[in-house]
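Here are a few notes to read with the model open beside you. Take them one at a time and find each spot as you go.

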Amino acid sequence: MAIYESIVILDSLLTPKDIDNVVDRLSVIIQERGGVIRKIDKWGKKRLAYEIEKKQYGFYISIEFEGDGNIPHVLESDYNYSDNVLRYLTYRFDKYKIRAMQNAAEQAKAPAAAVPAAEAVVALKPETNAVTQESQE
Amino acid sequence: MIKIRKKRVCQFCEQNIDFIDFKDDRMLRRFMTEQGKILPKHTTGTCAKHQRQLSNAIKKARHLAILPFVTDFSR
């Protein structure tokens, strides 16, 4: 299980209700396939640095989830199917991101796969839950 | 007379930054030209490890239209 973040640019002309519907649909897709949603963040309407499909503005959504590698693939086919999605980016958290996250101590849960990379940091900050997980192993 | 140039140090190493976030466009813009090109590490002094992360971050930000690919001033 790895942590992914999927950022989607939607058409800014959608109503707030439509945007909620899109978020709900994506969450259902993730949860149906055994994924766990960690965070849903709406960045809001932002000006694009360049025109995409002749549009100046886009509505940014970011979904952070934990799950298997097939979920990004399913999400991608959903994005391609939908006309409201201007652009998307799904990426897996690398060791630097995970380490930065643990440093911030916002996320107490550390995935088991990331523990070896984060050992040095964990040793410095023994108050996180990651340490207890490690000792159990 | 030999000019002794002060050696540039990587800004990320100095501030102990391990992870370069591609959402932070104001920070990334400091490592780009006005046109939107990525500055080489010999002008900014960034170390190889951070330059690699930086260029990947800029490319991700460009894909999401957070940063421009090019800004043309000629017109």
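1. Start in the middle of things: the largest nonpolar core counts 32 residues, and A:Ile9, B:Ala57 and B:Ala61 have the most contacts inside it. Keep in mind that this is a predicted model.

2. Who builds that core? From chain A, S1, helix H1 (16-32), S3, helix H2 (70-81) and S4 each give at least two residues, and so does H4 of chain B. S1(A) has the largest share, with six residues.

3. Have a look at B:Ala57 while you're there. Leaving aside residues up to four places away in sequence, B:Ala57 touches B:Ile20, B:Asp21, B:Phe22 and B:Leu28.

4. Now for where the chains meet: 13 residues of chain A are in contact with 11 residues of chain B. On the chain A side, strand S1 (2-11), S2, strand S4 (85-92) and helix H3 (95-104) each bring at least two residues. Sorted by class, that side has nine nonpolar, three charged and one polar.

5. Next, a backbone check. Most residues other than glycine have a negative phi. A:Glu53 has a positive one, near 50 degrees. You'll find A:Glu53 in the loop between strand S2 (36-52) and strand S3 (55-67) of chain A.

6. Buried or exposed? B:Ala65 is buried, because 21 other C-beta atoms lie within 10 Å and 20 or more is enough.

Note on methods: Residues are numbered from 1 along each chain as its sequence is written. Chains are lettered from A and ligands numbered from 1 in the order in which they are written. This is a predicted model: local features need pLDDT of at least 70, side-chain atom pairs count only at pLDDT 80 or more; totals for chains, interfaces and linings use all residues. Helices (H or I, at least four residues) and strands (E, at least two) are DSSP runs, numbered from the N terminus. A residue is buried if 20 or more other C-beta atoms lie within 10 Å of its own, exposed if 12 or fewer, and partly exposed in between; C-beta atoms are placed from the backbone. Two residues are in contact if their C-beta atoms, placed from the backbone, lie within 7 Å. Ala, Val, Leu, Ile, Met, Phe, Trp, Tyr, Cys and Pro count as nonpolar, Asp, Glu, Lys and Arg as charged, and the others, Gly among them, as polar. A nonpolar core is a set of buried Ala, Val, Leu, Ile, Met, Phe, Trp, Tyr and Cys residues joined through C-beta atoms within 7 Å.
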